[in-house]
Amino acid sequence: MKKQWWHDKVAYQIYPKSFYDTNGDGIGDLRGVISKLDYLKELGIDIIWLSPIYPSPFADQGYDISDYYNIDPRFGTMHDLEELITEAKKRELSILLDLVVNHCSDEHEWFLKALKDPTGEYGRYFYIREGKDGKEPSNIRSYFGGSAWERIGDTNLYYLHLFHKKQPDLNWENPVVRKEIYDMINWWLEKGIAGFRIDAIMNIKKALPFHDYQADREDGLADCRLMLKENDGVMEFLKEMRDATFSRYQAFTVGEVFNEKKDNLSDFIGEDGCFSSIFDFSQTVFGASEKGWYDNQPVTPDDYRQCCFDSQKRAGGIGFLSNIIENHDEPRGVSRYIPEGECSDEAKKMLATLYFLLQGIPFIYQGQEIGMENVSFDSIDRYDDVSTLEEYRVARLNGLTNEQALEAVRRYSRDNARVPFQWDNSENAGFTKGTPWLPVSPDYPGVNLKCQSEDPASVFSYYKKLIALRKSGEYKDTFIYGQFIPAYTDKKRVMAYYRIGEDQRILVIGNFKTEEQEIILEQPYRKVLLHNYETVNGNKTTLLLKGYEVVVLEL
């Protein structure tokens, strides 16, 4: 595998609105990010991904962009961003922006011009179609519920929005649109950013002409992903974008790709792939139901293990995945992958170790490093996320009581990860001196950075050790380029694997139970590299793993 500058990096996602507020308006800002660069450097971070900071009406929290060339005043100014890039480079930190080009905002000038002349030049920037028989052009359902088509005034014309109705899809079939996008990408790369996280990118290719699908709910609509399964030719767009932009700057790019075909992974992350990496979402989509969140099946420890191992096998020898346990679109990983009632600091450290030392680029989402958990709001009115509100409505339509529907969305709400970062135990968790835009989790007095940074046994202190181990000169090559081999797969609720380098054999093993488990090692261990308890029980050939114990051993 050809070595790249980003292979040995650790990435960190910032959700700016909830990271740190410096002006007291209750919304995090770029100056807040600048003020915390030293913290991120201390943690061991190399790459920082910022969720959208562009001007936006915030119908979908900034993923509805009204101006690709500016900064939303709520976050600061272009000067603030330029200062952030400069200060980050001083600390050898790289900045990624969020690239959202499947759709824009309905307040973007392109769409406003399209509304004035739907059949004209700017109308062709979007998918505008005539209705049929008094209905929408097709029966596809948007990701956020309801028809993916919105009527334009009192005409028989509709525009496509696979997400919120304020997020009209851009017409990638139009070469003029593609050039506009490529020019914008290069403009940002010229500013000195290191690359992009690329949002919802598989949606850019539609199966044309639009047509109906078999309805899958009583609303008569069909999941829009049925259309995406039919699309053909998305790779032509992606490689054209790569050649026109990313490859010119050695940019690091990580794609949000949910539905790539298993036999073409090399097209995405191979040596001639369109991206540097893509996120591994195998665990996040496991157990998902077409009916809605209320019908999702929980991910068991053995399910989680199998998802990770399948992904590692699929990517082995091809390229690097980006590994996560959570992000801004998912609930907290420790609340999702650790069975209910079993979450503890030991369990949080174990989960961190097991995902972090897989082959690939580890991403940490803000607050993960202090073990932030899901938040439990007592009313649907306290939620902001459009997905949560829609899934609550769907659950109620399907016969769930208010309490049952609320419990269903609590588990999966995107707001679980969007509540403010818990810096200390002062008012509003030290996030703001004003009123936070989203309520702070009530557990912040006991789960916050200040108390953990002073505790060598804390989750935060453990993350620092974990990052340092992956970067250590002695073991770095093995963790980054070493072979991945699953181990002890016959044991229930044990997740273990080897990372094998030229002259090193390292075992990563965790007990996904509250009860002790005995492990007979295939060969004696020489050294304990990392451990989430004070002592390792057993001997050089037998481990007595305590509940949620994880250990990294050099054999």
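**Salt bridges**

I began with glutamate 87, which forms a salt bridge with lysine 90, the closest N and O atoms being 2.9 Å apart in this predicted model. Both residues lie in helix H3, 3 residues apart, about one turn of the helix.

Next I recorded arginine 141, whose salt bridge to aspartate 219 has its closest N and O atoms 3.0 Å apart. This pair links distant parts of the chain, 78 residues apart: arginine 141 is in strand S5 (residues 140-141), and aspartate 219 is in the loop between strand S8 (195-198) and strand S9 (222-223). Arginine 141 is buried, with a relative accessible area of 6%; aspartate 219 is partly exposed at 41%.

I also looked up arginine 91, which meets aspartate 38 in a salt bridge of 2.6 Å, N to O. Here too distant parts of the chain are linked, the two residues being 53 apart. Arginine 91 is in the loop between helix H3 (78-90) and strand S3 (94-99), and aspartate 38 is in helix H2 (residues 37-43). Arginine 91 has a relative accessible area of 19% and is therefore buried.

I noted a network of salt bridges that links Asp60, Asp329, Asp385, Arg414 and Arg418. The count for the structure comes to 44 salt bridges.

**A three-stranded sheet**

I traced an open sheet of 3 strands in the order S4-S7-S6, with antiparallel pairing. Its edge strands are S4 (128-130) and S6 (149-151), each of which pairs on one side only. Neighbouring strands of this sheet are turned by 35° against each other on average, direction ignored. S6 pairs with strand S7 (residues 157-160) in the antiparallel sense over 3 bridges. Within this part I found glutamate 150 opposite tyrosine 159 in S7.

**Nonpolar cores**

I asked which residues touch the most other members of the largest nonpolar core. They are Leu50 and Phe275, in a core of 157 residues. Apart from this core lies another, of 18 residues, including Phe144, Tyr158, Leu162 and Ala207. For phenylalanine 275 I listed contacts beyond four places in sequence, among them Ile198, Leu238, Met241, Phe246 and Val257.

I placed isoleucine 480 in helix H18 (residues 476-481); its relative accessible area is 1%, so isoleucine 480 is buried. Setting aside neighbours within four places in sequence, I found isoleucine 480 in contact with His7, Asp8, Phe320, Gln359, Arg470 and Arg499. Glutamine 167 is 313 residues from isoleucine 480 in sequence and 39 Å away in space, C-alpha to C-alpha.

Serine 311 lies in helix H10 (residues 301-315) and counts as buried at 3% relative accessibility. Not counting residues up to four places away in sequence, serine 311 touches Asp280, Ser282 and Leu321.

**Cysteines**

I searched for disulfides and found that the structure holds 0. Cysteine 451 is partly exposed, with a relative accessible area of 32%, while cysteine 274 is buried at 2%.

Conventions. Residues numbered from 1 in each chain as written. Predicted model: local features only at pLDDT ≥ 70, side-chain atom pairs only at ≥ 80, totals over all residues. Heavy atoms only, no water. Helix = DSSP H or I, 4+ residues; strand = E, 2+ residues; numbered from the N terminus. Buried < 20%, exposed > 50% of the residue type's maximum accessible area, 1.4 Å probe, protein only. Contact = heavy atoms within 4.5 Å. Core = buried A, V, L, I, M, F, W, Y, C linked by side-chain atoms within 4.5 Å. Disulfide = S-S within 2.5 Å. Pairing = 2+ DSSP bridges. Axes fitted to C-alpha atoms, helices over the stretch in contact; angles between N-to-C directions. Salt bridge = Lys/Arg side-chain N within 4 Å of Asp/Glu carboxyl O.
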